[in-house]
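Here's a quick tour for anyone meeting this structure for the first time. Have a look, then read on.

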Amino acid sequence: MALATWQIVDEIGDRVGIRKTELLARIGIAPSEYWQMRSKSMFVDREFLGKLTKSVSLNPADLPRKFHQVFEASPVIPHEYREPATVSVGLIQDIIEWVEMMNPAITADVLESLQLDERFLSLPTWVRVNTFLQVNLLDVLSARYGWHTDMLCGLGARTYFKYRNTAVGDEISKGRTTKECVEIAFGSVIENFDTNHDYSIRRVDDRSCVLRATVREQAKSLMKRKVIGSKLACWARICRCTVVPRFGGHRPYSRVRELKCIHDGDAFCEARFSDH
């Protein structure tokens with residue numbers, strides 16, 4: 001399970017008997033910055049945890065097992081997929097778990113082809129990896145097993161059941177309407193999963209939405225590519241988007257129409273979602 005920022009701070013503060021404000025001050029974070037981080041970037045990362053433990057001379061091994069996973073994430077991830085770390089492990093786990101549901105017989109082969117093992121599926125969802133891991137996973141499914149866009153349609157439902165009882169689900173569920181759920185998901189929440197793209201809502205109401213994803217210049221520079229991802233990766237993102245309203249108890253989008261895609265030569269990706 002992913003750990004929220006406040007869980008890390010509270011646990012370490014309690015263990016060493018230091019007030020939260022003093023603990024944060026030791027690593028140069030003002031209370032106002034902390035609350036902004038808590039609201040906009042819900043999940044802690046390895047660097048943040050490392051700074052906290054070092055500031056109070058705390059051995060990470062003395063923390064509960066759930067915190068150890070933060071430090072042990074890298075060895076589970078092949079070196080070529082560690083940097084630049086721009087997408088969450090959760091995006092890749094979702095696809096592998098969907099493969100397990102669709103065709104469990106191929107799961108072990110898929111993991112082996114990517115130099116992964118079952119430990120990867122136990123990593124906290126917020127751990128960051130290189131986006132090429134997702135691309136290569138989908139390439140394997142396409143080339144070896146004939147997967148295509150239609151076979152990703154159920155990924156949205158998988159995403160909902162995985163995140164509905166997490167900080168992500170709780171945040172999106174604050175939306176009183178479909179429109180508000182979409183605005184939360186592609187406002188404060190999306191940064192936890194994807195820092196390759198800027199997302200903009202071109203049009204949204206309680207029946208439909210037009211969403212645009214534009215590759216960030218920083219991502220192009222880091223990846224040394226003008227076009228990032230793949231056609232199947234775009235469709236994986238589209239399939240996940242359909243379920244956003246459901247987090248707030250609203251009807252999920254049942255129809256999708258791809259309007260533009262960078263892999264078809266367009267400047268950005270854009271899709272229309274509707275429930276009718």
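Let's start with Cys234: at 5% relative accessibility it counts as buried, where buried means under 20% relative accessible area, exposed over 50% and partly exposed in between (1.4 Å probe, protein chains only). Before going further, note that this is a predicted model, where local features need pLDDT of at least 70, side-chain atom pairs count only at pLDDT 80 or more, and totals for chains, interfaces and linings use all residues. Residues are numbered from 1 along each chain as its sequence is written, and side-chain values use heavy atoms, with hydrogens and water left out.

Cys234 sits among the buried residues of α13, a helix (residues 231-241) that is mostly covered, with ten of its eleven residues buried. Helices (H or I, at least four residues) and strands (E, at least two) are DSSP runs, numbered from the N terminus.

What about disulfides, meaning pairs of cysteine sulfur atoms within 2.5 Å? The count comes to zero.

Over in helix α9 (residues 155-163) you'll find Lys162, buried with a relative accessible area of 18%. Its side chain makes a polar contact (N or O atoms within 3.5 Å, one able to donate a hydrogen and the other to accept it; residues adjacent in sequence count only if both atoms are side-chain atoms) with the side chain of Asp94, at 3.3 Å.

Notes
A disulfide is a pair of cysteine sulfur atoms within 2.5 Å.
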